[in-house]
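This report describes the packing and strand pairing of one protein model. Please keep the sequence and the 3D view at hand while reading.

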Amino acid sequence: MGASITLAGESLIAQKHATQQGLDVARFIFANVPGLDPSGPIDRAAPKPAAAQIVHVYDIPDNNAGYVNPNQVVYSSQIGSDVGDWDFNWIGLETAEGVLFAVAYVPLQIKRRNIPPLQVGNNLTRNFLVAFDGAQALTGISIDASTWQHDFTVRLAGIDERERRSNRDIFGRACFFGSSLQVEKVGSVYQVKPGTAYVEGLRLERSAVLPIVPPAFPTTAWLDVALQRELSDVVASWQVVFGADKPDYTDSAGVRHYCVAIADMTNANTLIDRRSVEAIAGPLVTHFAARNGDYAQLRARATTKDDVGLGNLPNAKSDDPASSDSEILATTKAVKSSQKQVTDSLVAEVSAFASANPPAGWLRCNGAAVSRTTYAALFAAIGTRFGAGNGGTTFNVPDLRGEFVRGLDEGRGIDSGRALGTVQVDSLRSHDHGLRTQVGVFGYGELVLKDFSVPGHPWYEQPSGVANDEASAGYRVATFATGGAETRPRNVSLLFCIRF
């Protein structure tokens, strides 16, 4: 089905505007035009059908013309069941001057008169809405269409408003999907990108770029959005307007307009995006489940420790091993880093173990040559102090097998002259064992004293300054050897190891 103002009607509108005369659409014409294609384009230049094809003429009562908005008026025909019988596929509006003003093609329809009991008739109501600039003013129609025919305008308006408010509850004042309706400059041309957005609950959608022309700089680009009647429907209409400030407003037809800034244009080369953007690229439920974006009031983000019984846990975490805060938890990375700091500081430490094998991170102190690369930290600490290994790729660890460890003197004077890591052989501090007797007290049967004048005897040693025949003198006496192969304290053997 198609409908259009004819060329003659368009010309008449221009003429009436020029002469400031009113336009009087006077009648409906119904016709049955053979071979008419109801889905085909309207022939705006075609004349009124031949008289033989016209099946009914309906004069429009004054109360059957109403306005929808300043640019749309509607004419209504209401034909009772006492009229008929005829079929029609063509409807026209004719002015008082006899000008065919508008035409509609429709599928073949029937109108029957009620003839009880032979035939049940039907009522026929057909509305013809025409739209052109200044339609209400030119036709002089002052009656709201809702006053002359029963329709669901109020009911539908309520539904539209509830839907708008529901959408606003979800999307807020404005919500632009990604780059939708973003102002951009391409070359020297400003344009608005295609896409989808919601402004005050009204859904806006554009499939192609929209060129715009800023009147001057600086300025701000705004979307002026309204829910307006268009023909027999109510749709969200919008346009881009410019200005420093554009508050919401209500127009002369009582339609509420919502104005939202989309870009500041400070000069010809500077654009500042003012849109409220969400990264929505599919169904909203999928977006709600996404792991992108940060929503401060979202329950999952705003949940407190106390909400889940973890009020004593710190609020933060840190990888920094140097951090010292009772309100920060150390991550495993921080723990591992701290552990490495500790172990690095203990490289070259020597400890004794009661186990037969070294723990992890330790080598036996057995004098072995080990890799300078594999044990680089240990090599950096002790170098070749305990042996240069093969002189190139290895070095020696200390050999403490069977050894006692002694603290480095470092100037104390007890073990002077020692260098770190040097070996000291066993030694006894110089001492003597005195043996005193008195000649003649016990006689010679008790202790035989050999004349010291006989050299080389193994039993005696003449003390310096003592005469051979000095009575009651003290003498140094050599005794038989006793003891083991070394001098040692009581001890327990353990495994010495060095940390690498």
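This is a predicted model: local features need pLDDT of at least 70, side-chain atom pairs count only at pLDDT 80 or more; totals for chains, interfaces and linings use all residues.

## Nonpolar cores

The largest nonpolar core is made of 28 residues. Phe28, Phe30, Tyr75, Leu93, Val130 and Phe132 have the most contacts inside this core. At least two of its residues come from each of the following: helix H1 (7-19), strand E2 (25-31), strand E5 (72-79), E6, E7, strand E8 (124-131) and helix H2 (135-139). There is also a second, separate core, with 22 residues, including Ala197, Trp238, Val240 and Tyr258.

## Aromatic pairs

The model contains 13 aromatic pairs. Two of these pairs are set out in the table.

| Ring pair | Distance between centres | Angle between planes | Arrangement |
|---|---|---|---|
| Phe28 and Phe30 | 6.1 Å | 15 degrees | stacked |
| Phe171 and Tyr198 | 4.0 Å | 5 degrees | stacked |

The pair of Phe171 and Tyr198 links distant parts of the chain, as the two residues are 27 residues apart. Phe171 belongs to helix H3 (residues 153-171), whereas Tyr198 belongs to strand E12 (residues 195-199). Both Phe171 and Tyr198 are buried.

Phe28 and Phe30 also belong to a cluster: ring pairs connect them with Tyr58, Trp86 and Phe88.

## Strand pairing around E7

Strands of a sheet pair through backbone hydrogen bonds, and the pairing can be parallel or antiparallel. Which strands pair with E7, and in what sense? Strand E1 (residues 2-5) is joined to E7 by 4 bridges, and the two run antiparallel. Within E7, Val103 stands opposite Ser4. Strand E6 (residues 86-95) is also antiparallel to E7, with 8 bridges between the two. Here Lys111 in E7 is the bridge partner of Trp86.

E6 and E7 form a hairpin, with 4 residues between the two strands. Gly98, in the turn, has a positive phi of about 85 degrees. E7 itself (residues 100-111) is mostly covered, as 9 of its 12 residues are buried.

## The sheet with E12

E12 is part of an open sheet of 4 strands, in the order E13-E12-E9-E20 and with mixed pairing. Strand E13 (202-206) and strand E20 (277-278) are the edge strands, each of which pairs on one side only. Strand E9 (residues 174-177) pairs with E12 through 3 bridges in the antiparallel sense. The bridge partner of Cys175 in E12 is Tyr198. Tyr198 thus takes part in a strand bridge and in the stacked ring pair with Phe171.

Arg275 is located in the loop between strand E19 (270-273) and E20. Is this arginine, Arg275, buried or exposed? Its relative accessible area is 10%, so Arg275 is buried. A polar atom of the Arg275 side chain lies 2.9 Å from the backbone oxygen of Gly178. The side chains of Arg275 and Gln182 are joined by a polar contact of 3.4 Å. Beyond its neighbours within four places in sequence, Arg275 is in contact with Phe176, Gly178, Ser179, Ser180, Leu181, Gln182, Ala261 and Ile262.

The C-alpha atoms of Ala279 and Gly178 are 5.0 Å apart in space, although the residues are 101 residues apart in sequence. Ala279 sits in the loop between E20 and helix H4 (284-288). With a relative accessible area of 54%, Ala279 is exposed.

Arg168 is found in helix H3. Its relative accessibility is 33%, so Arg168 counts as partly exposed. Arg168 and Gly201 are 33 residues apart in sequence, yet their C-alpha atoms are 4.1 Å apart in space. Not counting residues up to four places away in sequence, Arg168 touches Arg173, Glu200 and Gly201.

Technical notes. Residues are numbered from 1 along each chain as its sequence is written. Side-chain values use heavy atoms; hydrogens and water are left out. Rings of Phe, Tyr and Trp (its six-membered ring) pair if their centres lie within 6.5 Å; planes under 30 degrees apart count as stacked, over 60 as edge-to-face and the rest as tilted. Buried means under 20% relative accessible area, exposed over 50%, partly exposed in between (1.4 Å probe, protein chains only). Two strands pair if DSSP finds at least two bridges between them. A polar contact is a pair of N or O atoms within 3.5 Å; within protein, one must be able to donate a hydrogen and the other to accept it, and residues adjacent in sequence count only if both atoms are side-chain atoms. Contact means heavy atoms within 4.5 Å. A nonpolar core is a set of buried Ala, Val, Leu, Ile, Met, Phe, Trp, Tyr and Cys residues joined through side-chain atoms within 4.5 Å.
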